[in-house]
Amino acid sequence: MARQRAEQAGLHEEFPDPAAAPNVTYEPTFAELREFAEHDETTTEFGSPAYVSEQKSRSADRTKNLVDHEFDEADWDAIDAALEVADERDLVCLDRQVGRHHETSFVCRLFVPREFARIALAWGKLMEPAPEGAEPDFQTLQLPEWEKRRIRVLPEAGLTFVLGSDYTGEAKKSFLRLYMYRAKQRGGLGIHAGTKRLFIDHETDDGDEEGNGDDGLTTVGQAFLGLSATGKSTLTGHRCWLDDPEGAEMLQDDVCALLPDGTVAGSEGAGLYIKTIGLDREEQPALYDAATDDSAVFENVDVAPDGSVDFDDGSLTTNGRAVIRRACLDSASADIDLDRLDQLFFITRNPLMPPVARLDDRQAAVAFMLGESIQTSAGDPDAAGEAIRVVGTNPFIVGPEGEEGNRFYELVRDNDIETFLINTGHVGPGEADIGVEDSVNILTSVARDEVDWRADDRFGFEVPEDVPGVPVGELYPPDHYDEFTAELADLRAERRAYLAQFETLAQEIREAVY
């Protein structure tokens, strides 16, 4: 137990002082980082750098945090050894700021070996520069060349050790994991979600405009909770084909904090870390244009020796990534914080679920706890495509998961947030796909309040009778199964059994299984 208290004993003071350590290159420019990493680079046809990492996804099964797990002596010995290495290896160090909101703004410091400067290059383009001279709230030491892969997190001290992985996503999530933990400590809740604003022109039957802005437009704040590769970035960044004066803008793509007053605070102010497999100019024009700018950084994307890029080739991995700059994304707002969350969508790929459903507050808490989706290559490439449940669709929770569900329920209820389930996969055994156009039409129709809802006794929630531009009649799940009632009954039994494991989850949430 003495070692378990090490994080309260000033372990953070053993990290190098980057301004004074002779082995640390502090705050190198992007050009310098790219020069340090030139031995690993392939230059794309767009002039951007592309790299290939040994680890091509997060190592969730090798990750432990000191709140939910005990560290054994081997863990502590690895941490001690890593700190000794940090005093000897040539490192690069960047300071960045995560978040802008006064409640959830933190200084992050990343150390990586100089020969792995590509990790710092990619991560550094996601976050905004930290205030000059600010002390770090969070620090990560990433040492890819480690014999045994392990990620060890000390949440109270704000420290993360990424040992044996050269995947940029580990650096990114090391800070966002702690950002969400701190948000929870301050009465909010960290959520794995994208956010956007829609500006909608409402008209009454008499033709008079109704709006809450000086320009007569209604501002609708939306958030999307979903696992990587289920459509979160696509829906968040989509302009929704709205014509002036209407419009849509992205605020955040990945991790936010839902605060007690209904504000959603953003985290990454400079860039996005997007999936590239299947990236298509027609369906994702904004993301495509940003990814093909020379400011992007590619990781594990198929790039030929002559620099040509194939976004459809998954031979390296289907978890290919690009860091893109917000400045190159025409749908990105100058803001990353959403003043008011009006509508929240749970992204699922469960084929028993309709293309969209409207939930009550307790059902929303159930959806949060279930986190039903499919496994993706970002989490476990070997299990990609399999059904999965992840609380909050958030693999980075620190602390009891039942308490997350209770907090979520309170925040949604107290702030009168509308909640929806949106299926971005298919209905039935594969024959009825739900396309991007369908999903985007759903978002705009919900924002306009144009959906005709009806209570459905079979599901226990509201389903659409009509959605403009979406063939909801053809996407009604019971019509696609021979034994739908039995299938749904089995699913509910699984859901109840799953929720039973969370001892701290409120009973009123358990009883709302749909």
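These entries record what I looked up in a predicted model of a protein.

**Entry 1. Confidence**

I began with the confidence of the prediction. The protein averages a pLDDT of 93, and 93% of the residues score at least 70. I then noted residues 204-211, over which pLDDT stays under 50. For this stretch the model has 14 contacts beyond four places in sequence. Where pLDDT is low, the predicted coordinates should not be read in detail. I therefore leave the detail of such a stretch aside.

**Entry 2. An open sheet**

I next traced a sheet of five strands. The sheet is open, its pairing is mixed, and its strands follow the order S2-S3-S19-S22-S18. Which strands stand at the edges? I found S2 (42-43) and S18 (271-275) there, each with a single partner strand, so one side of each is left without a neighbour in the sheet.

I followed S18 to its partner. S18 pairs with S22 (residues 321-325) in the antiparallel sense, over five bridges.

I turned to strand S6 (residues 106-113). Is this strand enclosed or open to the outside? Eight of its eight residues are buried, so S6 is largely enclosed by the rest of the structure.

In a regular strand the side chains alternate between the two faces of the sheet. I therefore listed the two sides of S6 separately. On one side lie Phe-106, Cys-108, Leu-110 and Val-112, and on the other Val-107, Arg-109, Phe-111 and Pro-113. All of these are buried, and both faces of the strand are covered.

I then looked up the pairing of S6. Strand S5 (residues 91-98) runs antiparallel to S6 and is joined to it by eight bridges. In this pairing Val-98 stands opposite Phe-106. With strand S8 (residues 138-143), S6 pairs in the parallel sense over four bridges. There, Phe-111 has Leu-141 of S8 as its bridge partner.

**Entry 3. Asp-95**

I selected Asp-95, which is found in strand S5. Asp-95 counts as buried, at 4% relative accessibility. With which side chains does the side chain of Asp-95 make polar contacts? Another, of 2.7 Å, reaches the side chain of Arg-109, a residue I had already listed as buried in S6.

I also noted the wider surroundings. Leaving aside neighbours within four places in sequence, Asp-95 is in contact with residues including Glu-27, Cys-108, Pro-129, Ala-130 and Ala-134.

**Entry 4. Backbone exceptions**

Most residues other than glycine have a negative phi, and most peptide bonds are trans. I looked for departures from this pattern.

The loop between helix H5 (232-237) and strand S15 (247-252) holds Pro-245. A cis peptide bond joins Asp-244 and Pro-245, with omega of about 10°. Trp-241 has its place in the loop between H5 and S15. Its phi is positive, about 55°, although Trp-241 is not a glycine.

Asn-300 is not a glycine either, and has a positive phi of about 60°. I located Asn-300 in the loop between strand S19 (297-299) and strand S20 (302-303).

Is Trp-241 buried or exposed? Trp-241 is exposed, with a relative accessible area of 51%, whereas Asn-300 is buried, with a relative accessible area of 1%.

Methods
Residues numbered from 1 in each chain as written. Predicted model: local features only at pLDDT ≥ 70, side-chain atom pairs only at ≥ 80, totals over all residues. Heavy atoms only, no water. Pairing = 2+ DSSP bridges. Buried < 20%, exposed > 50% of the residue type's maximum accessible area, 1.4 Å probe, protein only. Polar contact = N/O pair within 3.5 Å; in protein donor to acceptor, adjacent residues only side chain to side chain. Contact = heavy atoms within 4.5 Å. pLDDT = per-residue confidence, 0-100.
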